[in-house]
Amino acid sequence: MRSELIDERHLARLAIIYIRQSSPHQVLTNQESLRLQYDLRRRALDLGWREADIVVIDADLGLSGAAAAHREGFKDLIARVTLGEVGIVLSSEVTRLSRNCSDWYPLLDLCGYRQTLIGDRDGVYDPGSANGRLLLGLKGTISEMELHTIRARLTAGLLNKAERGDLALSLPVGLVHGAAGMVVKDPDREVQARLDLVFASFLRLRSASQVLRHFQASGLTLPCRARLGNTVWRPPSLAGIIRILKNPAYAGGFVYGRSRSTRAGPDLSKARQKMLPREQWRIVVKDKYPAYVSWQTYETIQAMLRDNYAEYSRNKTRGVPRDGEALLHGIVYCGACGHKMLVQYKNGARYLCNALHQQHGTPVCQYIPANPIDARTVAAFFTALTPAELDAYAQALAKQREAGDAMRRAQAQQVERLRYRAALAERQFDQVDPDNRLVAAELERRWEAALRDLRQAEAALSKTQAETRETATELDAELRTAFSDLGRRLPELWHGAGLATAHKKALLRCLIDKIVIHRIKPDTVHLRIVWRGGDVSACDVAVSVGSLAAMSHYPEMEARLLELARAGQDDAAIAAELSAAGFRSPMHSAVRPSTVRAIRLRHGLLQTKSQSHPRRVQGRLTVSQLAGQLGIRPHWIYDRIHIGLIAITRDASSGLYLFPDLPSTLTGLQKLRAGEVDRLAFTSEADA
């Protein structure tokens with residue numbers, strides 16, 4: 001039946017039939033709705049359009065109408081209406097066009113401007129008229145509200161089920177749905193043992209990267225959940241290990257709302273999942289699943305992972321201990337500005353604070369040599385450990401044996417699984433028809449691959465067993481005694497070759513939370529140690545400087561040194577007495593005899609009158625004496641002697657250049673300096 005709104009202007013243009021369903025599931029299951037939408041072609045014919053003028057746009061099947069940015073069919077419709085090619089837009093319901101008023105009303109404005117009609121199963125509307133725009137506007141508003149209502153109902157039911165922990169979420173590998181719907185551990189014991197080994201190895205090694213290297217060195221694989229839900233074994237990766245360590249399901253916790261969908265614009269296809277911090281998780285139900293670790297252990301693991309992540313720019317974490325020379329990297333802070341200090345290995349290790357320099361271009365806050373700070377911190381660490389009288393040998397050996405047993409069990413289980421796979425591949429190869437060469441060749445290839453994996457796993461297991469036997473024979477009585485008396489022997493073990501730098505850093509972090517250092521004087525750094533329990537220790541540490549003048553107590557040391565030198569004491573005795581009084585040299589922790597000698601000679605104090613050559617010769621002047629009378633540097637005279645402008649030979653007995661002590665000598669050199677003469681000649685014999 002033809003509408004009175006349709007005239008020849010509309011019939012001369014196209015009739016667009018817009019077809020859309022909200023999801024791929026609806027496209028597959030709601031076939032009757034899809035058929036009704038395609039039947040709108042018959043309605044267009046009844047309204048007066050020719051078959052050749054009817055265009056069907058179905059490019060948006062399976063896409064939501066909540067936004068238009070990702071719907072190419074809707075964009076095509078807008079383009080055709082804008083060009084004035086469309087006489088009517090037909091849809092089974094106007095909600096098929098859009099469920100968002102921000103897209104719906106611009107379409108109405110455009111159709112009204114181009115005199116394009118909009119029709120559905122209820123009738124035909126003119127967006128350019130007041131009544132038509134009112135009806136279409138109400139339909140669009142109701143459709144948008146209907147979408148939010150449906151979504152709110154579904155979300156409320158979902159959250160209600162999630163709060164009970166009954167919402168069916170995808171489970172990680174190692175957890176499966178039982179026959180009664182309950183979540184149970186995977187019946188494969190190798191999967192269970194491998195997950196237990198991941199957690200135990202991390203708690204022992206304290207680093208996901210170390211766990212990865214440990215698994216790679218042992219030739220172990222990790223279980224993973226395949227796309228179809230089955231368990232597959234793949235080489236270990238850092239991402240896979242961290243994914244296991246961070247999943248709360250392994251601690252028995254049901255968690256909903258670990259991520260949030262964010263988008264920068266209206267395009268739904270560009271939405272990104274942002275992982276939320278643990279305190280922002282929406283629903284947490286503990287003890288819902290069978291646990292591989294306790295919830296307390298899970299929280300400990302998360303704290304360790306957070307601590308291992310080196311956020312230098314935000315000063316929040318300490319980073320994992322590494323093998324660098326500086327022992328306090330990651331836990332040392334600047335006492336002047338509060339930022340975390342970096343480690344710079346330039347002419348030795350030093351702690352550098354350049355946060356403000358990087359952000360604002362200001363000068364570097366401070367840089368302090370690492371060795372004295374590390375030494376004082378280690379001494380304080382030993383002092384804190386001394387009362388403990390540790391007896392850690394039995395515990396360390398038990399943990400080492402337990403870790404080795406777990407690794408051997410994992411390798412043995414892997415060998416058992418690979419033997420079964422090789423036997424299965426052999427049976428499948430034996431059962432194939434030999435004439436079917438294509439299938440037989442593929443099964444033979446699978447059998448050979450299974451045998452190759454089995455040989456590698458058996459070799460890794462044999463290597464581990466051999467290394468275990470060798471390690472068990474290396475623990476001699478001396479090492480056993482050292483471990484049992486660790487409280488007293490720790491300084492000796494610390495400075496020995498058996499303790500790696502990374503292990504030293506890990507030991508320091510067991511008791512120390514952070515270190516704050518501030519250079520209060522050029523040669524003094526104020527050190528503040530914040531211990532794990534909250535106690536604080538403070539002291540001043542002497543650091544090296546470049547000169548005597550930069551030392552804060554140099555005037556007192558110089559006065560005392562000159563007093564002792566005038567009393568006739570030698571340099572070594574003076575250095576020892578000054579060191580005992582708390583003084584030191586600029587680059588050393590004690591006063592060195594060379595420092596005493598330099599200060600003494602600077603003040604003209606000689607310990608003995610005998611010299612290698614006479615200081616004064618009767619009737620003669622040395623180069624230094626002559627330069628002093630002329631007010632010039634001795635180098636100027638030596639340079640003229642070297643280039644031949646002053647002719648003189650060394651004295652045979654003293655080996656010095658000796659000039660006549662006469663007024664003519666001074667006058668001649670003054671003329672040479674002024675350029676009035678070109679050359680001078682002197683005799684240096686003492687008896688001349």
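Which helix lies across E18 and strand E19 (524-531)? Select helix H18 (residues 501-511): helix H18 lies across both strands and runs at about 95° to E18. Helices (H or I, at least four residues) and strands (E, at least two) are DSSP runs, numbered from the N terminus. The angle is taken between N-to-C directions, from 0 to 180 degrees, with axes fitted to C-alpha atoms, for helices over the stretch in contact; contact means heavy atoms within 4.5 Å.

This is a predicted model, in which local features need pLDDT of at least 70, side-chain atom pairs count only at pLDDT 80 or more, and totals for chains, interfaces and linings use all residues. Residues are numbered from 1 along each chain as its sequence is written, and side-chain values use heavy atoms, with hydrogens and water left out.

Next, select the sheet. Its four strands form an open sheet with mixed pairing, in the order E14-E18-E19-E20. Strand E14 (332-334) and strand E20 (536-542) are the edges, each pairing on one side only. Two strands pair if DSSP finds at least two bridges between them. E14 and strand E18 (residues 512-521) pair in the parallel sense over three bridges. Pick Cys334 to find Ile517 of E18 opposite.

Now go to Arg13, in the loop between helix H1 (8-11) and strand E1 (14-18). The backbone oxygen of Gln115 lies 2.9 Å from a polar atom of the Arg13 side chain. Residues that Arg13 touches include Trp49, Asp53 and Glu85.

Last, select Tyr657, in the loop between strand E22 (646-647) and strand E23 (659-660). Tyr657 is in contact with residues including Leu621, Tyr638 and Ile641.

How values were computed. A polar contact is a pair of N or O atoms within 3.5 Å; within protein, one must be able to donate a hydrogen and the other to accept it, and residues adjacent in sequence count only if both atoms are side-chain atoms. Lists of a residue's contacts leave out its neighbours within four places in sequence.
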